[in-house]
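Good morning, and thank you for joining this group meeting. Please look at the sequence and the structure as I put them on the screen.

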Amino acid sequence: MGAAASCAMLGACTSEKVTPAGQSETGTSTVETYGAAAFFETTSYGMASSAGFAFSPDDDAILVHSDETGIFNAYALPIDGSEPATLTASDTDSTFALSYFPGDERILVTHDTGGDELNHIYLVDEDGTSTDLTPGEEVKASFAGWSDDALSFYITTNERDARFFDLYEYDTESFQRELVFQNDEGYTIAAVSGDGTDVALVRERTSADSDVYLADLEAGGAPVHVTPHEGNIAYGVYDFTPDGSQLVFSTDEFGEFSQAWTYDIATGEKAELIAEDWDVMYVLYSPSGDYRVHAINEDARTTLKITETATGAPLTAIDLPAGDIGSVRFSRDESRIAFMLSSDTSPNNAMVADLETGEITQLTDALNPAIDEEDLVDAQIVRYESFDGLEIPGVLYVPHGAEENPAPALVWVHGGPGGQSRAGYSATIQHLVNHGYVVLAANNRGSSGYGKTFFHMDDRRHGDVDLQDIVYAEKWLAEQSYVDAEKIGIIGGSYGGYMVGAALAFEPDVYKVGINIFGVMNWVRTLESIPPWWESFREALFDEMGDPATDAERHRAISPLFHADNIRVPLLVVQGANDPRVLQVESDEIVEAVRANGVPVEYVVFEDEGHGFSKRENRIEASEAYVTFLDQYLKTPWSPEGSPDGEGEAAETSESEE
Ligand SMILES: CSCC[C@H](NC=O)C(=O)N[C@@H](Cc1ccccc1)C(=O)O
């Protein structure tokens, strides 16, 4: 971590750099090419939870996590820019900062084991001693915030019933705890009011239709239904106001996008709080309630607004720097805010702004100094037409020099269903682009962020209309002057990995190669073996995807595994052994089936990862594997005829594979 620098704009770079000899020529300019290690030697930073205290009790440091050692751990970053203090030192489990204690420098952190998603909450004393507050082999726990009097904090765990999360209140000194809300009905516990009187609950019937309830923790009794309605309306919870008088909830009742509304707990009155032209992503308050922060998902970029609550006027004390601002946290005395600042070409940096002087200080220097930001590229938001004329949004990255020398390209598909590819820094995408690949992150119908109509267009039509959007992404890329139309591949993770498998199996002539990162290959098995703690949204998931008990035939029809004999192009599969959502067997079986076709198939398994890769050495190995595979099979397209026996050949197995 670097020393403080006064606010350097992490702005976008557009100009080309002329660099010394020995670097790759791309058209009229020279861009240095970096290995995966260089991209991942960049440090990833994240802020303590919005439900906790990110500032230390005396406001002189902020609590963050970073992967500076290769494994995420918690650190205190002094706001004067002096050297950070290491607070946890795990060399096995990615550990994430939750909160300082209200009155001392003990902290709460969370980690799972090897990516199994069974997170526990740990108390870390000032001498570094760590205590598991939520022990138990199959227990999954989450931090849910502090009481206003600082005498207790809240944790949800599923230890009583693996399917449901109950709410416990922990004493800050004795760590004795009390069950304050027993959840037998499959609610999602969304927020607890600071005065400890109310808990906000969400019940999801379908992804289009959900409700908010309020349970009175003092009076007990059945939770009050806050959102009675007819038809499909999706309601959710942002937070309580700091005085506990109102619940701020989300609704898509009044248009395509989610708005923020208030519910007055005493009177039951509802009122519009924030309506924007896009989804309101979150709403949070300063501890006193004097300031309100909300973010908008504006065409795949985050726009942040800070408002003086009393007047509704925008905060003018500081000029927020250009770039993506997130994780805003107020100091205890509300004289400062901490936030993360990033751009398409720069990862998160921790910043502190003084609301009295307007001064902004950069506390970290995350991008590996060996990388020149000007060698990276900005994202462009684009739109293309699909088979039925529907406009599909995407996030496009074009390598420097591709206009002069058309480049191979990749369609990148996000997870979900219902996720969204967003602009912003991605080490993996920048690594691919730096190695000469155009990347189009397509937001096929069904993606979030573009309104509820678009979001639901894929319901029970997965592997059909959304796949066609991905096919049309290839067609659009092939028409671009900077793309070598003969060299277009597909890459995606999880649901995006499913789309990779589906594209290769059901549209076998479209893509030249595929990279499947822990993708669902067999929907019957995946939906039959979802983690027990998904119970609160199992019904909604089955409503969208189909219930394996009744829709198994359709699930077989759309599952790449049962159509693997159609896959005739090189395939790279990457999987975490501890993934509880997409089990390793999904990848094992598709690898075996496609290898039987005589097609090159490479397979990388990480023994200590789950649904996503968090350890630096694994992220480097995965990213290096993508580029090596693409350089081998996409830059010089593979054909069965070109292989020694004319039938194709199976590739060698990666060292990581067991
Ligand atoms: C309606 S999406 C619920 C699943 C969940 N979504 C959040 O990310 C998820 O983990 N999706 C996986 C794919 C998947 C879908 C259904 C069952 C298992 C895995 C993903 O894309 O990350």
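Predicted model: local features only at pLDDT ≥ 70, side-chain atom pairs only at ≥ 80, totals over all residues.

Pro 417 sits in the loop between β33 (407-413) and α2, where helices (H or I, at least four residues) and strands (E, at least two) are DSSP runs, numbered from the N terminus. A cis peptide bond, with omega about 0 degrees, joins Gly 416 to Pro 417.

Residues are numbered from 1 along each chain as its sequence is written.

Glu 117 belongs to the loop between β9 (107-111) and β10 (120-124).

Let us turn to the annotated spans. UniProt, in an unreviewed entry, assigns residues 110-364 to "domain: Peptidase S9A N-terminal"; UniProt positions are given in the numbering used here, feature names are shortened, and annotations may be inferred rather than shown by experiment. That span, residues 110-364, is 0% helix and 53% strand, and its end C-alpha atoms lie 23 Å apart. For residues 425-635, UniProt lists "domain: Peptidase S9 prolyl oligopeptidase catalytic", also from an unreviewed entry. Residues 425-635 are 45% helix and 15% strand, with end C-alpha atoms 25 Å apart.

Next, the helix pairs. How do α2 and α10 pack? Helix α2 (residues 427-434) and helix α10 (residues 616-633) pack at about 30 degrees with their axes 10 Å apart; axes are lines fitted to C-alpha atoms, for helices over the stretch in contact, and angles run from 0 to 180 degrees between N-to-C directions. α2 is therefore roughly parallel to α10 (angles under 35 degrees count as roughly parallel, over 145 as roughly antiparallel, 65 to 115 as roughly perpendicular and the rest as oblique). Thr 428, His 431 and Leu 432 of α2 make the contact with Ser 623, Tyr 626 and Val 627 of α10, contact meaning C-beta atoms, placed from the backbone, within 7 Å.

The axes of helix α4 (residues 465-478) and helix α5 (residues 495-506) come within 10 Å and cross at roughly 80 degrees. α4 is therefore roughly perpendicular to α5. Leu 467, Ile 470 and Val 471 in α4 meet Met 499, Ala 502, Ala 503 and Phe 506 in α5.

Finally, the ligand. Of the 13 residues around the ligand, Gly 415, Ser 494, Tyr 495, Thr 526 and Arg 581 come nearest; a residue is near a molecule if its C-beta atom, placed from the backbone, lies within 6 Å of it.

Methods. Contact = placed C-beta atoms within 7 Å.
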